[in-house]
Amino acid sequence: MKKYPAIFSAATAISLVCAAALNASDTGARPIGENPILDPLGESWVLGFQQSKGNVRLMEFVPKGESVSQWTQMATMLVIDKVKDQNLEEFVANAKAGLLQRCSSGPSLTVIGKKTVSGLPARVLLMECRSYPNGKPESQVQLVVAGHDAVYAFQRAEKRPRLDPPTVKKMVRFVKKMR
């Protein structure tokens, strides 16, 4: 079974793990127009963090006026290059293990969709945690696509313990725009 970094478990974990793992220093917010991948999301989002090292590329976006250390909502794009034939069920199992390890109270990971994106297998995940060790909740919807030679994860997270069905639908539409 392939092992991947636990950075798939939650937006906060992605921020902290990747920042440390990548020796991050680039945290200045930039207008969305400088990042064509998220231009469809509008001017209300800014790039709060971006880093590449080895085969991992990460971009984190927050609403204007927020930062990656103080956010209420976050959009993340993660690409892991040079990963061939990723089994999405293994990916989901690894994401769940990471969530269970980090979430202090109420961890939940549900596959809410099995899709094909541009002919590639994809999964839509709903991940919720009532409380991380810092005492804060977080919930997210994540679209994971297994490319021919890379794994792509697009997520939208909010600092809430649980998401109602209308919010989940809204977040699924949001991550689909991030391609």
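Visitor: Which side chain is joined to that of Glu 158 by a polar contact of 2.9 Å?
Guide: The partner is the side chain of Arg 160. A polar contact is a pair of N or O atoms within 3.5 Å; within protein, one must be able to donate a hydrogen and the other to accept it, and residues adjacent in sequence count only if both atoms are side-chain atoms. This is a predicted model, in which local features need pLDDT of at least 70 and side-chain atom pairs count only at pLDDT 80 or more, while totals for chains, interfaces and linings use all residues. Residues are numbered from 1 along each chain as its sequence is written, and side-chain values use heavy atoms, with hydrogens and water left out.

Visitor: Is Glu 158 buried or exposed?
Guide: Glu 158 counts as buried because its relative accessibility is 9%. Buried means under 20% relative accessible area, exposed over 50%, and partly exposed in between (1.4 Å probe, protein chains only).

Visitor: Where is the place of Glu 158, then?
Guide: Glu 158 belongs to strand E8. Helices (H or I, at least four residues) and strands (E, at least two) are DSSP runs, numbered from the N terminus.

Visitor: Which residues does Glu 158 touch, not counting those up to four places away in sequence?
Guide: They include Trp 71, Glu 138 and Leu 163, together with Thr 167 and Met 171. Contact means heavy atoms within 4.5 Å. Thr 167 and Met 171 are themselves buried residues of H3.

Visitor: Which elements do the buried residues of H3 pack against?
Guide: They pack against E2, E4, E5, E6, E7 and E8.

Visitor: Which residues of H3 are buried, and where do they lie around its axis?
Guide: Thr 167, Val 168, Met 171, Val 172, Phe 174 and Val 175 are buried. They line one face of the helix, because they fall within an arc of 160° seen down the axis of H3. The arc is that of the directions from the helix axis to the C-beta atoms. Pro 165, Pro 166, Lys 169 and Arg 173 are exposed on the other side of H3.

Visitor: How many residues does H3 give to the largest nonpolar core?
Guide: H3 gives five residues, the most of any element, to this core, which has 24 residues. A nonpolar core is a set of buried Ala, Val, Leu, Ile, Met, Phe, Trp, Tyr and Cys residues joined through side-chain atoms within 4.5 Å. Val 141 and Leu 143 touch the most other members. A second, separate core of 21 residues includes Leu 78, Phe 91, Cys 103 and Cys 129.

Visitor: What about H2: which of its residues are buried?
Guide: Leu 88, Phe 91, Val 92, Asn 94, Ala 95, Gly 98 and Leu 99 are buried in H2. Their arc around the axis is only 165°, which puts them on the same side of H2. The cover over them includes strands E5, E6, E7 and E8.

Visitor: How far apart are the end C-alpha atoms of H2?
Guide: They are 21 Å apart, which agrees with the 21 Å that its 15 residues should span at 1.5 Å a residue. The expected span of a helix is 1.5 Å times one less than its number of residues.

Visitor: Which residue caps the N-terminal end of H2?
Guide: Asn 87 does, through a side-chain oxygen that lies 2.7 Å from the backbone nitrogen of Glu 89.

Visitor: Which residues is Val 111 in contact with, leaving aside its neighbours within four places in sequence?
Guide: Val 111 is in contact with Val 92, Arg 123, Val 124 and Leu 125. Val 111 is in strand E5 and is partly exposed, with a relative accessible area of 32%.

Visitor: Changing topic, how many residues of E3 are buried?
Guide: Seven of its eight residues are buried, so E3 is largely enclosed by the rest of the structure.

Visitor: In what sense do E2 and E3 pair?
Guide: Their pairing is antiparallel, over eight bridges. Two strands pair if DSSP finds at least two bridges between them. Val 46 stands opposite Val 62 in E3. The hairpin of E2 and E3 has two residues between the strands, and Gly 54 there takes a positive phi near 60°.

Visitor: How many bridges are there between E3 and E4?
Guide: E3 and E4 pair over six bridges, in the antiparallel sense. Val 56 stands opposite Ile 80 in E4.
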